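Hi everyone, and thanks for making the time today.

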Amino acid sequence: MAAIDGAESDGDLLVVEGLEKHFPVTRGIVFQKQVASVKAVDGVTFTVKEGETLGVVGESGCGKSTMARCIMRLLDPTGGRVLFQGRDITKLSRAQMRPIRREMMMIFQDPYASLNARKRVGFIVAEALQVHKLGTDKEIKRRVQELLEVVGLNPEHYNRFPHEFSGGQRQRIGVARALAVNPKLIVCDEPVSALDVSVQAQILNLLSDLQSEFGLTYVFIAHDLNVVRHISDRVMVMYLGKVAESASRDQLYRAPKHPYTGALLSAVPIPNPELGRQRKHIVLEGDVPNPINPPSACNFHPRCLRFREGHCDVEDPQPPRSFGNGQFAACHYPLEFWPMSEEEMRGSGQPAAERAAAVDTETVAR
Amino acid sequence: MALLDVKDLRTHFRTDDGIVKAVDGVSFSVEKGKTLGIVGESGCGKSVTCLTIMGLNNKRNTITSGEALFNGEDLLTASSSRLREIRGDDIAMIFQDPMTSLNPVHTVGRQVVEAIRLHRDVTKRQAKARALELLKAVGIPRADRRIDDYPHQFSGGMRQRAMIAMALVNDPDLLIADEPTTALDVTTQAQILALMNRLQEEFGSAIIMITHDLGVVAEVAHDVVVMYAANIVEKGTADQIFTRPHHPYAWGLLGSLPRLDISTDRLVQIPGQPPSLLNPPRGCRFNPRCPYVMDVCRTQFPELQPVSDDPGHVQRCFLDEETKDREATKLLAGTMAEAS
């Protein structure tokens with residue numbers, strides 16, 4: 001499975017193999033019987049090389065955040081392995097995890113909810129340093145002030161509370177906190193989705209500056225394909241807990257193979273009215289299906305334009321197959337041309353809308 | 001005559017700290033069957049402009065002046081009973097967050113029926129038939145059964161569709177959409193935008209689209225207004241704003257946007273924060289953040305100036321046109337190359 005990004009394993013900081021996280025759905029109060037499971041993450045495999053940025057995109061509910069939490073061991077995966085610097089961390093005890101937690105940090109989506117409103121900024125940033133006992137109080141204070149300066153805040157703001165800062169500044173505090181212990185890997189879970197465009201640009205620039213300065217490795221989760229394209233070296237597209245496609249940034253945006261990637265790309269609005277008029281949209285019908293009862297075989301088939309009956313709903317295209325140049329896609333009928341021609345877009349067989357409606361009936365009947 | 005003509009609209013709020021000038025001299029007009037996009041960062045006054053037009057501000061602490069002529073009738077001086085007749089009938093609004101703007105304890109169908117029966121003298125059965133027709137029109141699957149569902153049984157995209165159905169149920173002449181797709185995924189966003197375009201063609205409504213997403217504006221709007229700190233800084237057709245932007249703030253917004261059609265190593269940053277509207281900067285309100293700032297910007301407040309040989313395009317900046325054209329071309333160099 002590790003062969004997904006080529007055979008070599010040198011310089012792989014993070015290797016994730018067949019990662020699974022199934023949440024049980026129980027019924028009953030006393031005897032909580034498991035009646036089903038939500039397959040939030042279902043067999044995700046990828047590697048991240050040192051110093052590179054892996055972008056992860058997908059719609060809400062596709063398991064991006066659950067995957068991030070499993071990598072960080074904030075959640076215990078139900079299957080698969082996570083190798084950090086060659087060491088499997090999925091089975092380590094809390095005490096064994098502690099030194100490793102220094103190496104991997106996280107930046108959260110909501111800059112309002114992720115900072116403790118009752119603590120001063122100095123304390124929030126210093127907490128990790130104190131937990132890991134990295135220096136005396138005086139050294140820690142100096143380090144925190146240095147960090148605030150690195151992320152573009154005034155070191156004199158050391159004693160302020162989070163509510164005294166704007167959204168962008170709070171996200172900078174979040175970045176400073178993640179940097180405090182000199183981590184190797186930072187998992188960014190939608191770090192800019194809550195911010196205005198101009199502030200978003202400031203944070204994205206800050207993240208890329210810090211990467212070149214400290215040689216950081218990022219796993220960057222976002223639903224905005226523009227942002228992911230801007231910051232990533234490689235991009236992975238997730239759908240319903242599985243990897244639909246992964247490729248280098250340029251390859252993925254220039255020649256997507258999976259119809260879902262194509263649909264996502266064509267749905268992104270482009271701030272250029274002229275180009276916008278020329279562009280043809282693939283409008284996906286319906287919503288992401290319920291992960292308790294995902295569609296059979298290829299989980300994208302009810303919404304797919306290139307669906308062929310008797311193949312896509314019977315045979316699972318997982319694991320993704322290679323298209324060369326490090327591009328992998330889980331699809332029986334990958335896109336051949338990009339942008340798609342009219343003919344290809346019309347697809348085949350039953351219109352997607354009808355199939356989406358049929359699936360909808362199933363979920364409700366349940 | 002324009003459907004809606006807003007002239008020198010000012011909305012000031014009295015607060016404990018002083019008077020906040022949330023909207024300060026905004027003029028624009030919306031033609032029948034067209035879409036106007038209003039863009040700007042949070043707190044620039046775009047939502048307040050629309051709430052004022054709809055008469056939805058708290059009267060006790062609001063000072064409003066100017067005119068908002070809707071079919072020749074001034075909405076700002078209209079009585080509250082007259083406004084209640086207009087709202088939901090001639091002018092309808094779609095709000096950003098569909099979960100908080102639908103009532104969780106009533107079924108979706110009942111809420112749509114209520115919107116009809118407030119304005120039309122019809123039986124419950126007729127109203128329900130009309131509600132069903134609209135829910136079908138906005139693409140809710142198996143609408144005949146889902147009409148009796150509660151909002152929590154709908155997904156985010158479906159709730160937003162239900163909101164749109166409710167807004168369209170009385171064939172409004174003007175639809176005000178306040179960030180209608182901000183809370184949605186790209187694929188759902190594309191569905192909703194396509195739906196709004198289709199409905200506009202079918203019903204011929206005019207739309208005011210408030211958003212901070214320049215991509216969405218480029219996709220749907222015919223005319224664009226760029227707002228900064230309670231003022232309009234640039235106004236023109238979508239093509240004018242996106243291919244020949246003339247205000248440094250518009251450059252900042254366009255440059256800070258990572259986009260699929262241009263590759264950049266580094267995004268343009270607008271330094272600093274939007275100013276406080278309690279106490280806006282002297283002179284041009286953008287001057288503390290503007291990289292092209294000159295002495296005149298700090299002392300004099302610029303008026304909206306027409307852009308030469310670009311009819312209908314106005315902007316609020318002292319910089320000479322030669323520099324502007326050069327900077328705009330530089331900014332959009334990538335797009336031009338790829339578009340041609």
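How confident is the prediction for chain A? The average pLDDT there is 85, and 90% of the residues score at least 70. Over residues 1-8, pLDDT stays under 50, and the model has 13 contacts beyond four places in sequence for them. Residues 355-366 of chain A also stay under 50, with 19 contacts beyond four places in sequence. As a general point, where pLDDT is low, the predicted coordinates should not be read in detail.

Now the overall build of chain A. It contains 12 helices and 12 strands. Its radius of gyration is 22 Å, close to the 21 Å that the globule rule gives for 366 residues, so chain A is as compact as a globular protein of that length. Of the 366 residues in chain A, 46% are buried. And if we take the contacts in chain A with a separation of 6 or more, 67% of them are between residues 24 or more positions apart.

Let's zoom in on one strand, S10 of chain A, residues 242-248. Is strand S10 of chain A mostly covered or mostly open? Mostly covered: 6 of its 7 residues are buried. Strand S9 of chain A, residues 234-239, runs antiparallel to S10(A), and 6 bridges join them. Within that pairing, A:Val237 stands opposite A:Glu245. S9(A) and S10(A) form a hairpin with 2 residues between the strands, and A:Leu240 in that hairpin takes a positive phi near 50°. S10(A) also pairs with strand S12 of chain A, residues 328-329, through 2 bridges, again antiparallel. There, A:Glu245 stands opposite A:Ala329.

Which residues does the cis peptide bond join? A:Gln318 and A:Pro319, with omega about -5°. A:Pro319 sits in the loop between helix H10 (273-278) and strand S11 (321-322) of chain A. Next, A:Lys133 is not a glycine, yet it has a positive phi of about 50°. You'll find A:Lys133 in the loop between helix H3 (121-131) and helix H4 (137-150) of chain A. A:Lys133 counts as exposed because it has 8 C-beta neighbours inside 10 Å. A:Asn182 also has a positive phi, near 55°. Its loop runs between helix H5 (167-179) and strand S7 (185-189) of chain A. With 13 other C-beta atoms within 10 Å, A:Asn182 is partly exposed.

Over to chain B. It is divided into domain 1 (4-225) and domain 2 (244-339), and their C-alpha centres lie 29 Å apart. Where do they meet? 9 residues of domain 1 of chain B are in contact with 6 residues of domain 2 of chain B. On the domain 1 side, strand S2 of chain B, residues 18-30, gives the most, with 4 residues. By class, that side has 4 nonpolar, 2 polar and 3 charged residues.

That strand S2 also belongs to an open sheet of 4 strands in chain B, in the order S2-S1-S4-S5, with antiparallel pairing. The edge strands are S2 and S5 (73-74) of chain B, each pairing on one side only. Strand S1 of chain B, residues 4-15, pairs with S2(B) over 10 bridges, and B:Arg10 has B:Asp24 in S2(B) as its bridge partner.

Finally, the two chains together. How many residues of each chain take part? 40 residues of chain B are in contact with 38 residues of chain A. On the chain B side, several helices supply at least two residues each, among them H9 (214-220) and H14 (333-339). The largest share comes from H8(B), with 6 residues. That side of chain B divides into 18 nonpolar, 13 polar and 9 charged residues.

How values were computed
Residues numbered from 1 in each chain as written. Chains lettered and ligands numbered in written order. Predicted model: local features only at pLDDT ≥ 70, side-chain atom pairs only at ≥ 80, totals over all residues. Contact = placed C-beta atoms within 7 Å. Nonpolar A, V, L, I, M, F, W, Y, C, P; charged D, E, K, R; others polar. Buried ≥ 20, exposed ≤ 12 C-beta atoms within 10 Å, placed from the backbone. pLDDT = per-residue confidence, 0-100. Domains from an automatic or database assignment. Pairing = 2+ DSSP bridges. Rg over C-alpha atoms; globule rule 2.2 N^0.38 Å.
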